[in-house]
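Please open the model in your viewer and keep the selection panel at hand. The stops below are meant to be taken in order.

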Amino acid sequence: MCSMSVLLGSQYLTLDIPESKYSKQIEPDQEVAAVLCSGLEAENSQAAQLKPPQTPLLTPKSEQEQTESCSTNRGSTAAQYPSLHFLAAQGEAAKIKEEIDKGANINAVDKTGLTPLAWAAAHRQKATVTLLLQNGADATICSPSGESALAFGTCQGQLDVVEQLLEYGADPNVCTLDGGSPLMFAAYNGYPQMVKVLLEHGADLTATNDEGHTAFSLAVGMGNKNVQRVIDDYLRSILENPRPQKLKTEGQ
């Protein structure tokens with residue numbers, strides 16, 4: 001039996017691990033968790049700073065302008081302000097379906113690189129997000145600055161939207177230009193259940209933004225204790241139940 005003591009939050013946790021488990025197959029998970037745990041207290045003194053993605057603003061167009069825009073950009077991946085984006089932001093499900101049936105490009109991007117799906121998430125249009133995903137919207141697309149539907153969803157605490165996007169393949173580790181990740185946005189804004197879901201889908205706890213903050217240090221800096229507990233529990237689960245690493249077979 002091997003004992004391991006690590007700092008978890010503000011307390012030391014001593015784990016007794018059977019020697020049969022303490023092998024090269026499981027050391028990577030335990031090592032990562034131990035390193036993370038040992039750094040948590042040091043992060044507590046840092047001031048939390050995080051720049052959220054900029055929500056695209058609605059600038060109403062006349063019906064004629066919207067129609068012309070959609071017609072001109074149908075099938076294009078470099079649309080400036082196609083009608084579909086505005087309809088998505090406004091939650092106009094019926095009109096969106098009409099445009100899709102007419103051949104509008106559901107993954108067209110505006111001048112900043114955002115898709116209708118990102119606009120729908122940014123403007124809290126849950127039903128529209130569902131409609132777009134079910135009709136082929138690509139949840140993996142992000143703008144050149146790293147903004148995505150998932151980033152907007154996490155910033156605004158839309159758990160159902162975030163879960164849907166992850167199910168449709170959204171990457172939880174795509175960061176904005178200043179290093180902000182969906183996990184950081186959720187931790188910073190105090191959404192513990194969302195943090196849990198992101199971690200379960202592979203979000204990286206070790207990632208840091210340009211200010212050197214991790215998701216945990218941001219949660220600490222903002223006083224989000226429920227988020228801290230979720231991360232503590234996640235690290236504890238890794239230490240107590242490390243995931244076996246796949247062994248290479250001959251010929252690999």
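What follows is a tour that goes from the whole chain to single helices and then to single residues.

This is a predicted model, in which local features need pLDDT of at least 70 and side-chain atom pairs count only at pLDDT 80 or more, while totals for chains, interfaces and linings use all residues. Residues are numbered from 1 along each chain as its sequence is written, and side-chain values use heavy atoms, with hydrogens and water left out.

**The whole chain**

Colour by secondary structure to begin: the protein has 12 helices and 2 strands, where helices (H or I, at least four residues) and strands (E, at least two) are DSSP runs, numbered from the N terminus. Read from the N terminus, the order is β-β-α-α-α-α-α-α-α-α-α-α-α-α. Of the 252 residues, 47% count as buried; buried means under 20% relative accessible area, exposed over 50% and partly exposed in between, with a 1.4 Å probe and protein chains only. Taking contact as heavy atoms within 4.5 Å, 72% of the contacts between residues at least 6 apart in sequence join residues at least 24 apart.

In the span 112-144, which is 48% helix and 0% strand, the end C-alpha atoms lie 8 Å apart. The span 145-177 is 48% helix and 0% strand, with its end C-alpha atoms 5 Å apart.

**The nonpolar core**

Now show the side chains of Leu117, Leu165 and Val195, which have the most contacts inside the largest nonpolar core, a set of 51 residues. A nonpolar core is here a set of buried Ala, Val, Leu, Ile, Met, Phe, Trp, Tyr and Cys residues joined through side-chain atoms within 4.5 Å. Helix α5 supplies the largest share of this core, 6 residues, and the core draws at least three residues from each of domain 1 (82-171) and domain 2 (173-241), with domain bounds that come from an automatic or database domain assignment. Centre on Val195 and, leaving aside neighbours within four places in sequence, you will find Val195 in contact with Leu183, Ala186, Ala187, Val227, Val230 and Ile231.

**Helices α6 and α8**

Select helix α6, residues 126-134, whose buried residues are Thr128, Val129, Thr130, Leu131, Leu132 and Leu133. These buried residues pack against α3 (83-90), α4 (93-101), α5 (116-122) and α8 (159-167). Gly136, which follows α6, has a positive phi, near 100 degrees.

Move on to α8, where Val161, Val162, Gln164, Leu165 and Leu166 are buried; the buried residues of α8 pack against α5, α6, α7 (149-155) and α10 (192-200). Just after α8, Gly169 takes a positive phi of about 95 degrees. Then look at the loop between α5 and α6, in which Arg124 lies: although Arg124 is not a glycine, its phi is positive, about 60 degrees.

**Around α5**

Not counting residues up to four places away in sequence, Ala121 touches Val129, Ala149, Phe152, Gly153, Gln156, Gln158 and Val161. The C-alpha atoms of Ala121 and Val161 are separated by 7.3 Å, although the two are 40 residues apart along the chain.

Phe86 in helix α3 and Trp119 in helix α5 are 33 residues apart, and the pair links distant parts of the chain. Phe86 is buried at a relative accessible area of 2%, and Trp119 is buried at 1%.

**Last stop**

Finally, select Glu200 in helix α10, which is exposed with a relative accessible area of 52%. Glu200 and Tyr234 are 34 residues apart in sequence and 9.0 Å apart in space, C-alpha to C-alpha.
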